[in-house]
Amino acid sequence: MSFTNSQIFNDALPKLEDVKLKPISKRYLKIIILNKLAMCAAFLGVLIVGKLFIEREAFQDNFWFIFSIVMVFCLINFVIAILAFKKRKYAIRDHDVIYASGLIVNSITTVPISRIQHIEESRSWLARQFNLAALNLYTAGESGSDLSIKGLPHEEAKQINDYISVRINGNQ
Amino acid sequence: MEISDFSQPARQSAKGIIIIFGFNTFKFFKKFFVLFLALGLSLMKKKTFASLSPTIIILIVAGILIVLLLFAILKYLNFRFHISKDDFHLSTGIFNKDNTIIPKSKIQNVYVKQNFLQQLINVVSLNIETAGDNKSEIEISALDKSTALLLKKELFNKNEANADSDSTLVNEQKTVFFKVSPKRLLLEGVSQNHLKSFAIIASFVFGLYYEFKDYIKDLKIRERIEGVIQLDEATLFGIFLTNLFIVVLAILFSLVFSVIKTFITNFNLQVVENQKTIEINKGLFNKISLSLTPSRIQNIVIKTNRLKQYFGLHTMSVKQAMVNAKQKKNFVIIALEKNQVNHLIDKLLENYTSHLEAYKPAYYYKRILGLDMLITAVIANGIAHLIFGSNVWWINLILVPLAILYVYYGFKKAYYKIDDEFVTIGGGVIDTTTNILEIHKIQAVKLKQTIFQKRRQITSVIISTASKSVKIPYIKESEAKSIYDFLLYKVESQDKDWM
């Protein structure tokens, strides 16, 4: 059972690099933008309400300072979220599901289909307006090994859901 | 009192009343602990509490106890269980009747426990665990030991009878493989991480202090302590001495606490080897007996540190799938010799070998460790400045060498080994940890890379099993990708179940 280097670097193994990862639906970018805008609005709203009601001088004097910090934070968050959108990609292979995401911390997760316990298609109200759906794949593992692919076109999500459901049940 | 036929609905041993009563009383008093303490304190001071005389208070307490006892009796009378052909039946409840049926095939684990009270009246409790969330656990809290063992066998035997019928015969052969001696327990206690013990003590003391702020203020402890300290305040040496005294006291307390804790939880630790499974028995006040089945094991972690290595002490924790958090902590065997660890690994993991080439993380890992230390040092300096003023630059004389050692050992101890069936990952800074997992038990594999690592082509691989995620930190991207492909290929090409 000795292990050699060549085994790992065997060219015959299916390679991650050969997989064509598919970007999620462009319409999901709108959802991200809406979500981020709502978040920024909420933060700034709280601040403005604070300005009207809190009469402490320390707060009033520094209001514009705090406001601009929050503003910059929102802006950076916004830009990163939009740039990171391009990194959200997925692929369904014969035996596994791959999902990649993240701009600053990029991660690629693969869950073998034989390890999926159940699969779920969920659609929020906003996602329904854009005809999108999210797929949640649950494994037996800690929460770290569960996979959630957001922003799939509804039709495709359904297809994948059906395909994987059949595969899971077929294996039993 | 012994029950041998489980086909008829039976109650637990009549002693169960005492157990239920004792347990409920304990829970009740624990809940109102603070109230009772307050009551006691004010009784001491004023002889009354909320204008009630001591006799009335005693009557109230007695009344509560009687109600609790009544509940215990009713609970006992309404607790019945029996085994039908394939299922375990349990009916409970005084007002809300619950009827639970568990198919034998779904039972994951059956273990025997004995807490202090149960030890006194010589009964044991039997826990039946099923896959799923924490609430699906059943506890029969008072059975004779022989009945419990019989029931356990009954639940398990038919469970596995279809799989292989002769396993029951072979299972009888038991050998006590390892028994801990008090000396080794003591050594284990002494060489533990005392910072942890200190943190527990400190949080406990602070918690108490917070609860009883007002009472403590009354006692004027502060003024007294200040009075004592003022005597020494004249000289710098005095301050130094008081500080040293406090530090020594804290260390001593932590040490004693660690030793006592180790003794209580691991008293009479015993590892029994069956043909297929391994059984762990331990505990002073809470005697527990657990069995490990190799097929359910997800990760094995072996821990030791410099000091422990010197004494030949190794700690092995086994992570099983589908056990609740409370049980997780109990699957720990301490004070093992190196060869005993190897023996257990051989037993639990077939074909495992550690004689493989070890690969190291990239040098980038050193930078990450260094960065960690830099941030810690900056924060430590900041805090020191805020508390003691600007003349404490000298703490860097201690911090810098410590940081260098941290980076050095952190990098030195990190490695990983992969063969056809197992992944072994080593790590730790003060501790030396070895993580072993079987490849076919992997649930998911993940590559993680930050922007900064992307330029240098460094990636971490995170491998998740059903009970834990482990990380191969900061290796070359090409290497990481090969491992990723290899692991997935292994998982997907073999049709092996993970449990």
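Analyst: Before we look at the helices, one term: a crossing is right-handed if the near helix is turned clockwise from the far one by less than a right angle, and left-handed if anticlockwise. Please also keep in mind that this is a predicted model.

User: OK, so which way does H15(B) pass H16(B), left-handed or right-handed?

Analyst: H15(B) passes H16(B) in a right-handed crossing. H15 covers residues 364–388 of chain B and H16 covers residues 395–412 of chain B, and the two helices pack with their axes 9 Å apart at an angle of about 160°. Since angles over 145 degrees count as roughly antiparallel, H15(B) is therefore roughly antiparallel to H16(B).

User: Which residues make that contact?

Analyst: On the H15(B) side they include Tyr365(B), Leu369(B), Met373(B), Ala377(B) and Ala380(B), while those on the H16(B) side include Ile395(B), Leu399(B), Ala403(B), Tyr406(B) and Phe411(B). By type, the residues of this contact between H15(B) and H16(B) divide into 12 nonpolar, 4 polar and 2 charged.

User: And H1(B) with H3(B), at what angle do they pack?

Analyst: Helix H1 (residues 16–31) and helix H3 (residues 54–77) of chain B pack at an angle of about 135°, and their axes are 8 Å apart. H1(B) and H3(B) are therefore oblique to each other, and their crossing is right-handed. Among the residues that meet there are Ile17(B), Phe21(B) and Phe28(B) from H1(B), and Leu65(B), Leu68(B) and Tyr76(B) from H3(B). The residues of the contact of H1(B) with H3(B) comprise 12 nonpolar, 2 polar and 1 charged.

User: Let's switch to chain A. How do H2(A) and H4(A) pack?

Analyst: Helix H2 (residues 27–53) and helix H4 (residues 63–85) of chain A have axes 10 Å apart and an angle of about 170°, which makes H2(A) roughly antiparallel to H4(A). Their contact residues are 22 nonpolar, 1 polar and 2 charged.

User: How many residues of chain B are in contact with chain A?

Analyst: In chain B, 38 residues are in contact with 32 residues of chain A. The area buried between the two chains is about 3200 Å², and carbon and sulfur atoms give 59% of that area. Gln443(B), Asp485(B) and Glu492(B) supply 17% of the area that chain B buries against chain A, which is more than any other three residues supply.

User: What is the count of salt bridges between chain B and chain A?

Analyst: The count between these chains is 1 salt bridge, in which the side chains of Glu17(A) and Lys481(B) meet at 3.6 Å, N to O. Over all chains, the structure holds 9 salt bridges.

User: What about Arg184(B), what does it form a salt bridge with?

Analyst: Arg184(B) forms a salt bridge with Glu337(B), and the closest N and O atoms are 3.2 Å apart. This pair links distant parts of the chain, 153 residues apart, with Arg184(B) in helix H7 (residues 182–190) of chain B and Glu337(B) in the loop between strand S13 (332–336) and helix H14 (338–348) of chain B.

Definitions and conventions
Residues numbered from 1 in each chain as written. Chains lettered and ligands numbered in written order. Predicted model: local features only at pLDDT ≥ 70, side-chain atom pairs only at ≥ 80, totals over all residues. Heavy atoms only, no water. Axes fitted to C-alpha atoms, helices over the stretch in contact; angles between N-to-C directions. Helix = DSSP H or I, 4+ residues; strand = E, 2+ residues; numbered from the N terminus. Parallel < 35°, antiparallel > 145°, perpendicular 65-115°, else oblique. Contact = heavy atoms within 4.5 Å. Nonpolar A, V, L, I, M, F, W, Y, C, P; charged D, E, K, R; others polar. Buried area = accessible area lost by both parts, 1.4 Å probe. Salt bridge = Lys/Arg side-chain N within 4 Å of Asp/Glu carboxyl O.
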